[in-house]
Amino acid sequence: MDNFYMKRALDLSLNGIGKTSPNPLVGAVIVKDGKIIGEGYHEYYGGPHAEVNAINNATEDVEGATIYVTLEPCSHYGKTPPCADLLVSKKLSKVVISMIDPNPKVAGKGVEILRKNGIEVIIGTLEDEARKVNEIFLKYIKEKRPFCILKTAMTIDGKIATKTGESMWITNEKSRNYVHELRNKVSGIMVGVNTIISDNPSLTTRLERGGTDATRIIVDSSLRIPLDSKVLKLNSTKNTIIATTERADKNNLQELRSFKGVEVIITPMKESKVDLNYLFEYLGKKGIDSILVEGGSTLNFSIVKEGLVDKVIAFIAPKILGGNNSKSPVGGDGFERLKDAVLLHDIKISTFDEDIMIEAYARKEEI
């Protein structure tokens, strides 16, 4: 039954997607005498934690009950008081935890408080599932760098556009709707300036139930972005960051710095382009914990080459375009040797009607 209740807690945690960043997704279920008496999840950044909400929602006294929580209860004062102390004061008898909190401020201290006060603690129930749910948080809390998802969409023969550049739409409506689910999940969306020039996208989150916009990040080494681009004139809760270099067009630079909701940063150069490692460090310091890269083939290869990709999500449509000059999802110079190829692992395959979606994690290995 531990797995059953923890699965429920993990499902609850997903309700916080798009609202808790850069904090984790956490769910909690309270069980007493074999029945669920309280449920809760971390609903928004700075708000009550899952354990607090579960206790507040309980239909009866929680004394002597067991609480299932997907992440170790916190032990420090932050936006809210320590949850470990709350569980002690409410006299719960048992705490079942999926995973220890990697945050150095917690990292086992919550468990220590519980055990010192006579509460039974079990650790590791559905831990693998919990780590997947919080893969963004786990990287960010350790490295303070964004978790990077490279998203591509192509035909079955590996093309992202026709030879004339037409690309709308490669995939079907269900696949495109799922991309908006991804946008709702991350805190940043990154594209190259060529994508802005060719497609003029808004890069907003458009779901029937609403959703949260991500910060839009444009990589533009010489500041060629058209001043009438949609991303510069949005009514959005999030701003647009343009990363450029000292090669930037000075007139455009002055003009763009007067735009509301637009931030222009000048990064160091690497091979005459934006230094992407510097950019990722900068974005991490701004609290951007995750980035969905929806760039063209040139930016995609640069991201891959720099070893910045954590996860790949590739949509494949059952269409054939052909064409020697039709672009593939990852272009650039390419690697010269097979041993330099980025290998993918932990592969999952899903379908959206006739479209195929492949999810995988990136790593480099010697062949």
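Thr70 is found in strand β3, which spans residues 66-71 (strands are DSSP runs of E with at least two residues and helices are runs of H or I with at least four, both numbered from the N terminus). The structure is a predicted model, in which local features need pLDDT of at least 70 and side-chain atom pairs count only at pLDDT 80 or more, whereas totals for chains, interfaces and linings use all residues. Residues are numbered from 1 along each chain as its sequence is written, and side-chain values use heavy atoms, with hydrogens and water left out.

Thr70 counts as buried because its relative accessibility is 2% (buried means under 20% relative accessible area, exposed over 50% and partly exposed in between, with a 1.4 Å probe and protein chains only). Its side chain reaches the backbone nitrogen of Gly27 at 3.1 Å. When neighbours within four places in sequence are left aside, the residues in contact with Thr70 include Met6, Leu25, Gly27, Ser98 and Ala130 (contact means heavy atoms within 4.5 Å). Thr70 and Val133, 63 residues apart in sequence, have C-alpha atoms 9.5 Å apart in space.

Thr155 belongs to strand β6, residues 147-155, and counts as buried because its relative accessibility is 1%. The side chains of Thr155 and Asp157 are joined by a polar contact of 2.4 Å (a pair of N or O atoms within 3.5 Å, of which, within protein, one must be able to donate a hydrogen and the other to accept it, residues adjacent in sequence counting only if both atoms are side-chain atoms). Not counting residues up to four places away in sequence, Thr155 touches Ile170, Ile316, Ala317, Lys319 and Leu321.

The largest nonpolar core has 38 residues, and those with the most contacts inside it are Ile30, Ile67, Tyr68, Leu87, Val95 and Leu114 (such a core is a set of buried Ala, Val, Leu, Ile, Met, Phe, Trp, Tyr and Cys residues joined through side-chain atoms within 4.5 Å). Helix α1, residues 2-13, supplies the largest share of this core, five residues. A second, separate core of 30 residues includes Ile149, Ile196, Leu232 and Ala248.

A search of the whole structure finds one cavity of 30 Å³ or more (on a 1 Å grid over the protein atoms alone, a set of points where a 1.4 Å probe fits but cannot get out, lining residues having an atom within 4 Å of a point). The largest cavity is lined by 16 residues, of which Thr20, Asn23, Leu25, Ile136 and Lys185 are the closest to its centre.

Notes:
On a 1 Å grid over the protein atoms alone, a cavity is a set of points where a 1.4 Å probe fits but cannot get out, and a pocket is an open set with protein on both sides within 12 Å along at least five of seven lines; lining residues have an atom within 4 Å of a point. Grid points are joined across faces, edges and corners, and a volume is the space filled by probe spheres set on the points.
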